[in-house]
Amino acid sequence: MSNTKTFVYINRKAPYGTVYALESLEVVLIGAAFEQNVKLVFMDDGVFQLTNAQDPEGIGMKNFSKTYAALGDYDINQIYIDQQSLDDRGLTIDDLQALVYEDEDDDWNEKSSIHLVNREQLSDIIDSADVLLNF
Amino acid sequence: MKFTIQVNTGPYTHQASDSAYQFTRAAIDAGHDIHRIFFYHDGVNNATEYSVPPQDDRNLQQLWSSLAAEHNLDMIVCVAAAQRRGILDEGESKKNGKSGVNIAPGFQISGLGQLIEGGVQSDRLVVFGD
């Protein structure tokens, strides 16, 4: 496909309780095949999607949080976490799983895909979108 | 302008499907192109032929089906979302050993790639429902 667009996915909801987090991840993974410029934003309760040590077995749900670790292999390495949302929920970056990718322009060094952003930076990210999908 | 429309909520509980339908019709009337309409999440429930609302209420499935027939619209229902919610075409019904087929005329079951492709190919992707 000739034209490349910037797809921004905003994940706002907790991983369980609604289907949005799971169905967002499905779109992101399928969309990776289209080789677009992809940015993922996690804000509001969406920051819980990346928390460590999820164990939803007790509510009869599958733990799909391990799948996020594969994003780097799909060349999805622009992941933005809203600092304010972490603060509001008493979370820090250490409560989230590490997401990394191998940088082909830098001898395949492993680098973090995660960027903490403030609201102003978030606004710029949203502004950069050709296609904006809110989940 | 070329639009892809995404519908994320089912009919009747929320207005989103009505709004998406009205937007689509208005866009066509104004001379715009509708590249695709993509039904995701509970939006797949718009595609069931088994819905029978009271006669004095609008029938959203029929409205969508008629619009598609009239304007040759590409209306796609996400396969994974549809299977979770019991929207089946002949192939999926057989494959999963079910007794009925409920996908309405004009709707086709396909994959999420169709949503992304819609976003790539269209000038605007407009999303209805949350």
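Which residues of E3(B) point one way, which point the other way, and are they buried or exposed?

**View 1. Strand E3 of chain B, residues 75-78.** B:Met75 and B:Val77 point one way from E3(B). B:Ile76 and B:Cys78 point the other way. Helices (H or I, at least four residues) and strands (E, at least two) are DSSP runs, numbered from the N terminus.

This is a predicted model: local features need pLDDT of at least 70, side-chain atom pairs count only at pLDDT 80 or more, and totals for chains, interfaces and linings use all residues. Residues are numbered from 1 along each chain as its sequence is written, and chains are lettered from A and ligands numbered from 1 in the order in which they are written.

**View 2. The parallel sheet of chain B.** An open sheet of 5 strands runs in the order E4-E3-E2-E1-E5; strands pair if DSSP finds at least two bridges between them. E4 (107-110) and E5 are the edges, each with a single partner strand, so one side of each lacks a neighbour in the sheet. Neighbouring strands are turned by 25° against each other on average, direction ignored. Axes here are lines fitted to C-alpha atoms, for helices over the stretch in contact, and angles run from 0 to 180 degrees between N-to-C directions.

**View 3. The partners of E3(B).** To E4(B), E3(B) is joined by 4 bridges. B:Ile76 stands opposite B:Gln108, and B:Cys78 opposite B:Ser110. To E2(B), 3 bridges are made. There, B:Ile37 stands opposite B:Met75.

**View 4. Around B:Val77.** Beyond neighbours within four places in sequence, B:Val77 has contacts that include B:Phe39, B:Ile87 and B:Phe107; contact puts C-beta atoms, placed from the backbone, within 7 Å. B:Val77 and B:Phe39 are among the residues that touch the most other members of the largest nonpolar core, which has 63 residues. Such a core is a set of buried Ala, Val, Leu, Ile, Met, Phe, Trp, Tyr and Cys residues joined through C-beta atoms within 7 Å.

**View 5. The contact of chains A and B.** Chain B brings 13 residues and chain A 16 residues. On the side of chain B, H3 (79-84), H5 (113-121) and E5 (124-128) each supply at least two residues. H5(B) gives the most, with 5 residues.

Notes:
Contact = placed C-beta atoms within 7 Å. Buried ≥ 20, exposed ≤ 12 C-beta atoms within 10 Å, placed from the backbone.
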